[in-house]
Amino acid sequence: MGRYVIRRLLQAIPVLVGTTFLLFATVYALPGDPIAALGGDRRLDPQLVSRMREQFHLNDPLLVQYWYYIRDILSGDFGTTFRGVPVSSLFEGKFQVTFQLAITALVFEAIIGVGLGLWAALRRGRWQDQAVLAVTLLLVSIPTLVSGFVLQLVLGVKLKQNTGVDFFPVAGIQDGMRSYIVPGLVLAGLSIAYLTRLTRTSLMETLRADYIRTAVAKGMSRRRVLGRHALRNSLIPLITYLGADLGTLMGGAIITETIFNLPGIGQQLFQSVYLRENAVVVGIVTVLVLVYVLANLIVDLLYAVLDPRIRYE
Amino acid sequence: MKNPSVDTHLLPAERAGDEPLLAVDNLHVEFQTRQGVVRAVNGVSYSVDAGETLAVLGESGSGKSVTAQAIMGILDMPPARIPKGEVRFHGTDLLTMPDDARGQIRGRRIAMIFQDALSALNPVFTVGWQIGEMFRVHQGMSKRDARRKAVELMDRVRIPGAKSRVDDFPHQFSGGMRQRIMIAMAIALDPEILIADEPTTALDVTVQAQIMGLLAELQQESDMGLILITHDLGVVADVADKIAVMYGGRIVENASVFDGYRAPAHPYTKGLLESIPRVDLKGQELYAIKGMPPNLLDMPTGCAFHPRCPYRKENCVTDAPPLYTVSDTRGSACHYWREVLDDGSN
């Protein structure tokens, strides 16, 4: 087990090198000069420009630039922006916001998605099942932009106006955990729909298994057959989805963060791409890749806990 | 009663009279499908007594497994439906019994084992847990006692090193050992009836013989009634007392195992017997019943076997044969059973 974890962590190194390089190359290939952009409409002093190009190694070939970047990262230095601000200072607090948002969404996803899916599977073919399928289809087709603004208006504004209930903050993070409820729900929307359907299919498939028939033949109650014999088996594929989704949620939080004015990493990423702050873009994505790799490792370890047929040497 | 734990669940009509331990009477089972109603079982009757072994023979789709599942009450309803028939256990019809009363019988007094033990055992629980569950759930036994009982049962079905293997998972056992675990689970509460649905089909020939031997032995020890469902006549010849041959959802012949094997009274039974590979006929082409099993959605008119039958005469196409009485203990659903019988005894 320990050796497996170490091996998996070592395997993450080429993944990180590959993704950062790809990203570095993409940003490098973008048209326009980031230094010239600093001046906006005005032309900058050519001497200053050439000094900055020297300082940021912009005249060196791609591979050399990349080597400098990796070297600095390994010593814990994410570099500075073209405006002279240390990149790591831009990260401060922002990853936490995004992480908290993603985790909130993941919790919603797990509870609502799995719950709804199980419920639908147990009422297969009846109207409840059909209703769940219809609702998930609807959820899939509503873009975050729409659901975000609608929920913001309904829960944050109308609810307060009409009933006086002021429970759902819909902008900023000054209300602590509560600030994340509505944004988390919005961010989770699409994933809830997918997970509901996945759970439904998974449980229905498990219920067709021979060992379920065995459990019934052993005289076990329906409750026990579902709760003990079927549940654990049908959870296995869901864990994979949930794990992979953490990365997707963190990377996909930009729109949600913007709507609800959450100072997360998504907003920072968008801004940095816009301003051609390459060091920030690559830095953020590197961290996101790391989160993704770790989440997948945890999933694989959970797998072994749920399914004894999987053992890692 | 041999099992003191079930004394409190005695059925109202429970009696020792002439009623057999378990009697299936004119059972019909149909399935609602998109293509229409599939009549999987059409008026099957058979019975088993304590200590007796009934072999139910027939190819896939003949309704033998569906009948067994109807006895157990583990059919998915819907799509399955039982429009007619009775399954009497100690004289009481199980089909009209309230669910909770039937739940007291399922697994405890009538138990079942299945064909493929790997898929029939839950992959995520240890075998000890799965065997012990019978005691924990049905008898409220503690975890430790249930585990101890599981080891005892594993010993009883002769799993080597039971004590060290009780915490292993199903996939860590060989096919034969897995089937032994299934058997251990089924006999845990000393059932009066054990239904074995193709218990050896997924196994090697040598292992098949061991499992059949084990079943026969367990049956003698505890005087269970055993219903052995199989398509393999060779497997049951040694252990069965009587046979019921099924075709197209009907019993086409029932007989004592001796009579049935010596001289079949139905052309289908005869065909099955002739298609067993024999050492003395080595080198010759193996006999096969020509044609295909009947399509349950579109059953042939008259006798369901007539399209494949070498004894077919005109009336077979139009008149469905009743189960003719051949002797006190024997029946055949063939208009020309005398001819078949005569051919067989030559």
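In this predicted model, strands β6 and β7 (residues 193-197) of chain B run in the parallel sense and are joined over four bridges. One of the residue pairs that links these two strands is B:Ala111 with B:Leu194, the latter lying in β7(B).

Stepping back to the whole of chain B, the inventory comes to 13 helices and twelve strands. The radius of gyration of chain B is 21 Å, close to the 20 Å given by the globule rule for 346 residues, so chain B is as compact as a globular protein of that length. The C-alpha trace of chain B extends over about 65 × 50 × 45 Å along its principal axes. Of the 346 residues in chain B, 44% are buried. Among the contacts in chain B with a separation of 6 or more, 65% are between residues 24 or more positions apart.

Chain B also meets a partner: 22 residues of chain B are in contact with 18 residues of chain A. On the side of chain A that touches chain B, α10 (210-217) and α11 (222-251) of chain A each supply at least two residues. The largest share of this side comes from α10(A), with six residues. Sorted by class, the side of chain A that touches chain B holds seven nonpolar, four polar and seven charged residues.

Chain A itself is divided by the domain assignment into domain 1 (1-93 + 273-313) and domain 2 (94-263). Taken over C-alpha atoms, the centres of domain 1 and domain 2 of chain A are separated by 31 Å. The contact between them takes 15 residues from domain 1 of chain A and 15 residues from domain 2 of chain A. On the domain 1 side, helix α14 (residues 278-306) of chain A gives the most, with eleven residues. By class, the side of domain 1 of chain A that touches domain 2 of chain A has eleven nonpolar, two polar and two charged residues.

Methods
Residues are numbered from 1 along each chain as its sequence is written. Chains are lettered from A and ligands numbered from 1 in the order in which they are written. This is a predicted model: local features need pLDDT of at least 70, side-chain atom pairs count only at pLDDT 80 or more; totals for chains, interfaces and linings use all residues. The radius of gyration is taken over C-alpha atoms; the globule rule is 2.2 Å times the number of residues to the power 0.38. A residue is buried if 20 or more other C-beta atoms lie within 10 Å of its own, exposed if 12 or fewer, and partly exposed in between; C-beta atoms are placed from the backbone. Two residues are in contact if their C-beta atoms, placed from the backbone, lie within 7 Å. Ala, Val, Leu, Ile, Met, Phe, Trp, Tyr, Cys and Pro count as nonpolar, Asp, Glu, Lys and Arg as charged, and the others, Gly among them, as polar. Two strands pair if DSSP finds at least two bridges between them. Domain bounds come from an automatic or database domain assignment.
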